[in-house]
Amino acid sequence: MSMPSNLAPKISVVTAVYNESKILPELYRRLKNVFESMGISYEILFVDDRSRDDSWNCIETLSVADKNVRGVRLARNFGQHNALSAGLDISQGDYVVLMDADLQDEPEQIPKLLQKCEKEGKDIVYVVRELRRDSQLKTFGGKIFFLIFNSCSEFKLRSDVGIYRMLSRKVVDELIHLREQSRMITGLTEWMGFQADFISAPRPARVSGKTNYTLIKMIRLAMDGLLSFSNLPLRLAMVLGLVTSAASFLLAIIFIIRKIFFDWGIVGWSSLMVVFLFMGGAQLTVIGILGEYIGRIFIEVKRRPLYIIDRRTL
């Protein structure tokens with residue numbers, strides 16, 4: 001079913017693709033079946049985040065065969081959340097579904113998402129994962145991510161909610177105005193504060209391949225989210241400075257009392273070196289935290305684009 005060119009689709013599906021050539025045909029088939037059974041207009045936006053496999057050729061083939069499929073290829077790998085931003089920018093649907101391309105986000109949940117948005121008037125509907133079948137590495141990495149983020153951020157993210165969600169056009173229009181470089185779409189949608197709800201769905205194992213999110217990438221995403229949504233590290237740095245200063249002042253008083261009243265001097269340099277090393281470590285920690293924030297300011301003020309499109313099938 002092809003939609004008239006002068007009408008916006010009812011639903012846009014946006015997914016970032018990275019080395020998913022073996023999965024894309026099956027993802028497309030299941031999405032098409034869902035939308036045809038619903039009898040609504042749709043578009044499927046594949047954003048190729050500069051895959052190293054045959055993903056782009058697969059996207060081009062699908063777009064030629066079906067005018068409801070659109071694809072863009074980025075000039076380099078900008079990361080999943082920037083790739084999703086590219087899809088959001090060009091989406092036209094009244095509602096936009098964000099999902100992973102690995103089929104762990106089941107397309108068959110889309111009718112439930114639309115029902116929540118239309119009949120209950122929700123602007124955002126998240127998919128809560130009932131059962132995760134991820135690798136131990138990804139599960140462990142996810143625990144670290146949410147532990148760091150929820151301990152320090154100004155709002156909480158659920159550990160059982162991923163990218164999969166439906167956004168109303170109102171939310172999308174606001175979201176695309178947020179152009180910060182250190183992007184975390186999951187955090188930004190939560191930060192905006194629109195009316196949200198949840199549906200529950202199982203999360204099956206990957207159909208093919210392995211996850212592209214390594215432990216290091218997940219920790220880096222956690223740090224980006226933390227520094228983007230909280231200034232708590234700066235406050236902790238200030239507290240650390242105050243504590244070390246107070247400890248040093250107290251230690252100096254103790255040494256003076258010992259010298260005056262008990263004539264005890266410092267035997268050797270061990271205690272002195274411990275103090276020096278502690279103070280030096282505290283100072284470097286504070287400088288490092290400041291450096292992280294200043295580095296992000298440096299990146300933001302340059303106002304470079306979030307992504308650069310190399311090719312498109314529009």
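**Chatting through the fold, residue by residue**

Student: Let's start with Asn-19. How exposed is Asn-19?

Tutor: Asn-19 is partly exposed, with a relative accessible area of 28%. Keep in mind that this is a predicted model.

Student: Where does Asn-19 lie?

Tutor: In the loop between β1 (11-17) and α1. The backbone there is worth a look, as Asn-19 has a positive phi of about 60° although it isn't a glycine.

Student: What's the phi of Arg-303, which isn't a glycine either?

Tutor: Arg-303 has a positive phi of about 55°. You'll find Arg-303 in the loop between α10 (270-302) and β8 (309-312).

Student: Is Arg-303 buried or exposed?

Tutor: Exposed, because its relative accessibility is 71% and the cut-off for exposed is over 50%.

Student: Let's zoom out. How many helices and strands are in the chain?

Tutor: The chain has 10 helices and eight strands. It runs to 314 residues, and 44% of them count as buried.

Student: And what share of the contacts comes from residues 24 or more positions apart?

Tutor: Those account for 85% of the contacts in the chain with a separation of 6 or more.

Student: On to helix packing. At what angle do α1 and α4 pack?

Tutor: Helix α1 (residues 24-38) and helix α4 (residues 110-120) pack at about 45°, and their axes are 10 Å apart. That angle makes α1 oblique to α4.

Student: Which residues make the contact?

Tutor: From α1 you have Leu-31, Val-34, Phe-35 and Met-38, and from α4 there's Ile-110, Pro-111 and Leu-114.

Student: What does the contact of α1 with α4 have by class?

Tutor: Seven nonpolar residues, with no polar and no charged ones.

Student: How far apart are the ring centres of Phe-35 and Tyr-42?

Tutor: The centres are 4.6 Å apart and the planes sit at 10°, so the pair is stacked. Tyr-42 counts as buried as well, at 0% relative accessibility.

Student: How many aromatic pairs does the structure hold?

Tutor: Two.

Student: What about charges over rings? Which ring does the charged end of Arg-76 sit over?

Tutor: The ring of Phe-78, at 3.9 Å from its centre. Arg-158 has such a spot too: its charged end sits over the ring of Phe-198, 4.7 Å from the centre.

Student: What else touches Leu-167? I'm thinking of Asp-123.

Tutor: Asp-123 does touch Leu-167, and its other partners include Met-166, Ser-168, Lys-170 and Phe-194, not counting residues up to four places away in sequence. Asp-123 is found in the loop between α4 and β5 (124-129).

Student: Is that Asp-123 buried or exposed?

Tutor: Buried, with a relative accessible area of 11%, because the cut-off for buried is under 20%.

Student: Next, Leu-45. Which strand is Leu-45 in?

Tutor: Strand β2 (residues 42-48). Leu-45 counts as buried, at 1% relative accessibility. Apart from residues up to four places away in sequence, it touches Val-13, Val-14, Thr-15, Arg-70, Gly-87, Ile-90 and Ser-91.

Student: Last one: which residues is Cys-152 in contact with?

Tutor: Leaving aside neighbours within four places in sequence, they are Leu-226, Ser-230 and Leu-232. Cys-152 lies in helix α5 (residues 136-152). Cys-152 and Leu-226 are 74 residues apart in sequence, yet 6.7 Å apart in space, C-alpha to C-alpha.

Terms used:
Residues are numbered from 1 along each chain as its sequence is written. This is a predicted model: local features need pLDDT of at least 70, side-chain atom pairs count only at pLDDT 80 or more; totals for chains, interfaces and linings use all residues. Side-chain values use heavy atoms; hydrogens and water are left out. Axes are lines fitted to C-alpha atoms, for helices over the stretch in contact, and angles run from 0 to 180 degrees between N-to-C directions. Helices (H or I, at least four residues) and strands (E, at least two) are DSSP runs, numbered from the N terminus. Angles under 35 degrees count as roughly parallel, over 145 as roughly antiparallel, 65 to 115 as roughly perpendicular and the rest as oblique. Contact means heavy atoms within 4.5 Å. Ala, Val, Leu, Ile, Met, Phe, Trp, Tyr, Cys and Pro count as nonpolar, Asp, Glu, Lys and Arg as charged, and the others, Gly among them, as polar. Rings of Phe, Tyr and Trp (its six-membered ring) pair if their centres lie within 6.5 Å; planes under 30 degrees apart count as stacked, over 60 as edge-to-face and the rest as tilted. Buried means under 20% relative accessible area, exposed over 50%, partly exposed in between (1.4 Å probe, protein chains only). A charge sits over a ring if NZ of Lys or CZ of Arg is within 6 Å of the ring centre and within 35 degrees of the ring normal.
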